[in-house]
Amino acid sequence: MATVELLGILREQAKVRPEDLGPADGKPVADVIQALGLPADLVAFVMVNGRQQPKTYIIQPEDHVILIPLIGGG
Amino acid sequence: MHLRADSSKCCGCRACQVACSLANFGENNPKKARLAIHPHFPDPGVFEVRTCTQCGTCAEVCPVDAIPVDKKGVYDIDPEKCIACMACVEACPEGVIFVHPDREAPFKCIRCGQCVAHCGMSVLWIE
Amino acid sequence: MLYGYGGNILRIDLTTGSITTEPTDPKLAEKFLGGRGFGIYFLFTEMPRGADPLGPDNLLIFSPGPLSGTLVPGAGKLDIACKSPLTGGYAGSNVGGILTAEIKYAGYDSIILKGKAPKPVYIFIDNDKVEIRDASDLWGKGSLETEKILKDRLGEEFQIATIGPGGENGVKYACITTDYGRQAGRGGVGTVMGSKNVKAVAVRGNKSIPVADVQAFRRAARAMYKACKDSPGLQVWQRYGTAGVTVWSNEIGAFPTRNFSSGQLEGFENLSGEVMREKIVITDKGCFGCPSPCGKWSHVKKYGVRVEGPEYESTALLGGDCALTDIEDVAYANYLADDLGLDSISAGNVIAFAMECYERGILTDKDTDGIKLTFGNAEAVFAMLKKIAYKEGIGAVLAEGVKHASQVFNKGSEVFAIQAKGMEFSGYESHNAPSMLLSYMTCDVGAHHNRSWAITYDIQTGRDTVTPDKAERVIYLQHVRPLFDALGACRLQWVELSLDLNLYVPTIAALTGLERSWDDLLKVSERIWNLTRLFWFREVPGFGRAWDMPPARFYKEPVVSGPTKGKVMALEDVERLLDMYYEKRGWDANGRPSPQKLEELGLTEFAAAV
């Protein structure tokens, strides 16, 4: 099963914890971001298994997805 | 056990060299560092990091026995005994015995590990 | 002892050959810090009022800052200042690499070039030994080739700054290149260097930078490196550098596309950091002391060249704005701009502007010497870069920048000449980002993102609203970010890795021996900001509010496609942004600093000269 990790302010801003979300496999990253209650534009980087992917990427079983905000904000 | 480097990860920033000079001379000056970075640009476009392997060649060639080895296998140059003949500088197979106009005696890595702590690219380690 | 500094100001008069040094004034260091603070100070006090930017009276000033070359993450930034031939106002361009550190080790806090050499020369600096040397054999050569020749001749340990044919030929946005691919790009600093017949500056130094409290400095510096290495963002920035931003910028509709008519390029996925990394990157290449190097050294196999980058900005303007979707085409255009010595940001804009003119019929095949100047035509981009650098045909007009070109082409083209104060916009499409648009409008060198990058603030607070906090945010950023340019360090450890600004305070104190709070330092930054503003008023006849306005495209022509399709600013909102900004700065309705503000900042004596 794929895992989703949030970094920085995304952890504080998410309305739902990724582990309470249910399986993310087969979904586009954008849907997961929406389900977490995060504004999509705040997620600057989607890293899947150490590689950057667009938000249209479909999550595969065993993927490790890390969502990273534009942190410094300036 | 000695300082090692994976050159392919180096970005050439020289933080290691400044950390080295501050730790060992109390001076902010990478020209007094005890490890070397050789940039090869534009072609092929790589940095080459050279570190001391504590092989002892320097001690072997020193005519005045000014490069003792300690219990941990680390060689260091005793500036009091050194006659600045530069035999060690020429003999070092890695090219990592250094000179600076401020100092009469050459200097070399004593495996203090300060460079490792400041490398953002995880190039360096001691093993 | 002036801790943290090289200790000397070096002055070179190219006309007379006179070379002098004097100790750096500790009072100057306290009042203006260094870097861009020194740049504007010397420009303001030593350049005669009304100097021709391309004449001998203009100065070209290279200034590291107190942090440059020290054990601080990203301590590799150099400020290059002059009166800008592109805008007629202040130019302060920032460049990374190793050069700034080397200048400090040679013992200098500013190198001030004035006059004009009678023939091509390069400046040779080896610690205290400074010479003006013949460079006749280098004139006409590319920036990168020139650096290679000088390194082969002088030794790898010399750090070199060069100009290319663009700077020699007077292209108004010519850059200065160092370390085979880092540019002081903006405002024509390379043009000024060329006008002085200086092809290159070569520096070597082996002195120590004095540190007030070595042990405290080591502790503070180590904490900074540790924080960088522990940052969650490190994995992204190390792998991609600024190119990591490309995907996000497109997803939010901020990627300049087809001359800023859209914020998303179809096929942008092919320009992503990951595609770049996989296809062309060979080596990470950092500026001095950097744990998160933006610099990526690439091998562009399709064209058989090596180039640093492309970074986000070059991808945005040479890629998105000209609608190129092959990373190797963009990288090759980047290589050409670098070797020809052109600012890739302005050059990308200029070519995109010409492409729009061509597609609208304002320019024809006759004007372009048969080049099909359509969006997406990579060969046309390559050809135009060369035409601009050598001022061939229409290249001679485009070499003056989009503002001038729109005045020549006319036919309504000034609406889409994407510039402010005569400088082309950098890589953020701002139809739907009021803070970012205000950042461009009020930036002190022209439309550049370096002083304030506020688009994340727009995203967090709402992209359609125009409220006073946006002006406040821009002002705050215009003090924080340029503070790094005065300190001679990079801001990206803060921006990208969330490095706590409070960590700089003990580091700076231990280095310089002067206890200053972050707010104290921000006050210095505000002083510098207001002095650059006074310089504009002094040098540009009739300067004021009109110079802070964006091109009409942002308030007349809605975005044509992408996530921000249909968005456009209202003109009254643009005016309102300026009103709020001036008020909060303590400036009058024409954007002039009030006497009270100048007094508060200790600038009254300078105001008398305006």
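## Chain A

With 74 residues, a compact globule would have a radius of gyration near 11 Å, and chain A has 11 Å, so the two agree. The radius is taken over C-alpha atoms, and the globule rule is 2.2 Å times the number of residues to the power 0.38. The model is predicted: local features need pLDDT of at least 70, side-chain atom pairs count only at pLDDT 80 or more, and totals for chains, interfaces and linings use all residues. Residues are numbered from 1 along each chain as its sequence is written, while chains are lettered from A and ligands numbered from 1 in the order in which they are written.

Chain A has two helices and four strands. Helices (H or I, at least four residues) and strands (E, at least two) are DSSP runs, numbered from the N terminus. Their order from the N terminus is β-α-α-β-β-β. Along the principal axes, the C-alpha atoms fill a box of roughly 35 × 25 × 15 Å. Of the 74 residues, 35% count as buried. Buried means that 20 or more other C-beta atoms lie within 10 Å of the residue's own; exposed means 12 or fewer, partly exposed is in between, and C-beta atoms are placed from the backbone. Take the contacts in chain A between residues at least 6 apart in sequence: 59% join residues at least 24 apart. Two residues are in contact if their C-beta atoms, placed from the backbone, lie within 7 Å.

## Which chains touch

Chain A and chain B do not touch. Their nearest C-alpha atoms are 16 Å apart. Two pairs of chains do touch, and chains B and C make the most contacts. That contact takes 33 residues from chain C and 26 residues from chain B. On the chain C side, α4 (143–154), α7, β13 (281–284) and β14 (296–300) each supply at least two residues. The largest share, six residues, comes from α7(C). By class, this side of chain C has 16 nonpolar, eight polar and nine charged residues. Here Ala, Val, Leu, Ile, Met, Phe, Trp, Tyr, Cys and Pro count as nonpolar, Asp, Glu, Lys and Arg as charged, and the others, Gly among them, as polar.

## Helix α7 of chain C

Helix α7(C) covers residues 214–229. At 1.5 Å a residue, its 16 residues should span 22 Å, and its end C-alpha atoms are 22 Å apart, so the values agree. The expected span is 1.5 Å times one less than the number of residues.

Its buried residues include Phe217(C), Arg218(C), Met224(C) and Tyr225(C). The buried residues of α7(C) pack against α1 (15–25) and α4 (114–118) of chain B. In chain C they pack against α8 (234–240), α20 (492–497) and α21 (504–512).

## Domains and core

Chain C is divided into domain 1 (8–204), domain 2 (235–415) and domain 3 (434–498 + 516–607). These bounds come from an automatic or database domain assignment. The centres of domains 1 and 3 of chain C, taken over C-alpha atoms, are 27 Å apart. Their contact takes 36 residues from domain 1 and 26 residues from domain 3. On the domain 1 side, α2(C) gives the most, with five residues.

The largest nonpolar core has 265 residues. Such a core is a set of buried Ala, Val, Leu, Ile, Met, Phe, Trp, Tyr and Cys residues joined through C-beta atoms within 7 Å. Leu342(C), Ala354(C) and Leu385(C) have the most contacts inside it. Helix α13 (344–359) of chain C gives the most to this core, with 10 residues.
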